[in-house]
Amino acid sequence: MTHTPTGLVAILRGLTPQEAPEVGDRLYAAGFRALEVPLNSPDPLTSVRVLRENLPQDCAVGAGTVLTVEEVRAAHAAGAGLVVSPAMDPEVIAETVGLGMRSYPGVTTPTEAFAALRAGARSLKLFPSEAVGIAGMTAWRAVLPADVEFLPVGGVDAGNLRDWVAAGAGGAGIGSSLYRPGVSGPDLSARAEALVRAWRSASDHPEN
């Protein structure tokens with residue numbers, strides 16, 4: 001089954017439930033359609049629930065830094081549709097897919113990538129992206145099934161997004177270059193809009 005490309009994922013590490021409505025609204029208005037709250041944030045499942053309740057259904061909301069099956073179930077109960085992990089755990093992937101959510105396991109080698117696919121993942125988080133590199137992702141593309149999606153995470157910003165898209169990335173996780181605790185609302189909006197412009201430009205003309 002072919003999934004809709006993920007696009008840009010806002011990684012909201014440190015988000016609080018009190019900030020979630022404004023942050024979600026600003027990111028959605030800028031064009032983001034996928035938001036991730038890492039589980040090492042303050043009261044993360046409440047933030048996931050608040051975002052899910054406040055945003056339109058065309059905006060995916062998920063949990064990040066998910067390490068156990070129990071955390072997958074808790075994220076699902078909070079309304080998450082995405083589960084993002086820093087590592088590749090077959091049990092986490094299988095539980096995520098079994099509950100009808102999209103799994104984004106972190107991989108850095110072809111061996112991990114193939115193991116993730118066997119467990120049921122169809123999107124792969126390249127983390128840290130610098131460890132794989134654009135040349136590495138291009139090489140992986142030649143040997144992995146064509147419908148597998150790559151999302152580089154770590155070090156991706158508006159300046160290098162076009163290069164990743166040209167190499168075949170279906171999206172990217174954007175963290176501290178977009179959101180950090182304490183960022184002002186207008187600054188967040190400006191950063192988000194710049195990233196979405198870069199993404200749309202790269203996606204429309206990936207080789208120009």
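Just after helix α3, Gly79 takes a positive phi of about 105°. The model here is a predicted one, with local features needing pLDDT of at least 70 and side-chain atom pairs counting only at pLDDT 80 or more, while totals for chains, interfaces and linings use all residues. Residues are numbered from 1 along each chain as its sequence is written, and side-chain values use heavy atoms, with hydrogens and water left out. Helices (H or I, at least four residues) and strands (E, at least two) are DSSP runs, numbered from the N terminus.

Helix α3 itself has a buried set made up of Val69, Val72, Ala75 and Ala78, where buried means under 20% relative accessible area, exposed over 50% and partly exposed in between (1.4 Å probe, protein chains only). An α-helix has 3.6 residues a turn, so residues three or four places apart point the same way. The cover over the buried residues of α3 includes α2, β3 (60-64), β4 (82-84) and α4.

Two of those covering elements are helices. Two packed helices are described by the angle between their axes and the distance between the axes. Axes are lines fitted to C-alpha atoms, for helices over the stretch in contact, and angles run from 0 to 180 degrees between N-to-C directions. For α3 (residues 69-78) and α4 (residues 90-98), the axes come within 9 Å and cross at roughly 25°. That makes α3 roughly parallel to α4, given that angles under 35 degrees count as roughly parallel, over 145 as roughly antiparallel, 65 to 115 as roughly perpendicular and the rest as oblique. On the α3 side the contact (heavy atoms within 4.5 Å) is made by Val69, Val72 and Arg73, and on the α4 side by Glu91, Val92, Glu95 and Thr96. By class, that comes to 3 nonpolar, 1 polar and 3 charged residues. Here Ala, Val, Leu, Ile, Met, Phe, Trp, Tyr, Cys and Pro count as nonpolar, Asp, Glu, Lys and Arg as charged, and the others, Gly among them, as polar.

Then there is α2, which packs on α3 at an angle of about 35°, the axes being 8 Å apart. Leu45, Val48 and Arg49 of α2 meet Ala74, Ala75, Ala77 and Ala78 of α3. This contact has 6 nonpolar, no polar and 1 charged residues.

With neighbours within four places in sequence set aside, Val48 is in contact with Val37, Val61, Gly62, Ala78, Gly79 and Ala80. From Val48 to Thr16 the C-alpha to C-alpha distance is 9.8 Å, across 32 residues of sequence.

As for the strands, an open sheet of 6 runs in the order β5-β4-β3-β2-β1-β9, with parallel pairing; two strands pair if DSSP finds at least two bridges between them. β5 (102-104) and β9 (171-174) are the edge strands, each pairing on one side only. Within the sheet, β3 and β4 run parallel and are joined by 2 bridges, and Ala63 stands opposite Val83 in β4.

Strand β6 (residues 106-107) pairs with β7 in the parallel sense, also over 2 bridges, and Gly106 stands opposite Lys125 in β7. Both faces of β7 (residues 123-126) are covered, with Ser123 and Lys125 buried on one side and Leu124 and Leu126 buried on the other. Ser123 is also one of the contacts of Thr6, a residue in the segment before β1 (7-11). Thr6 is buried too, with a relative accessible area of 13%.
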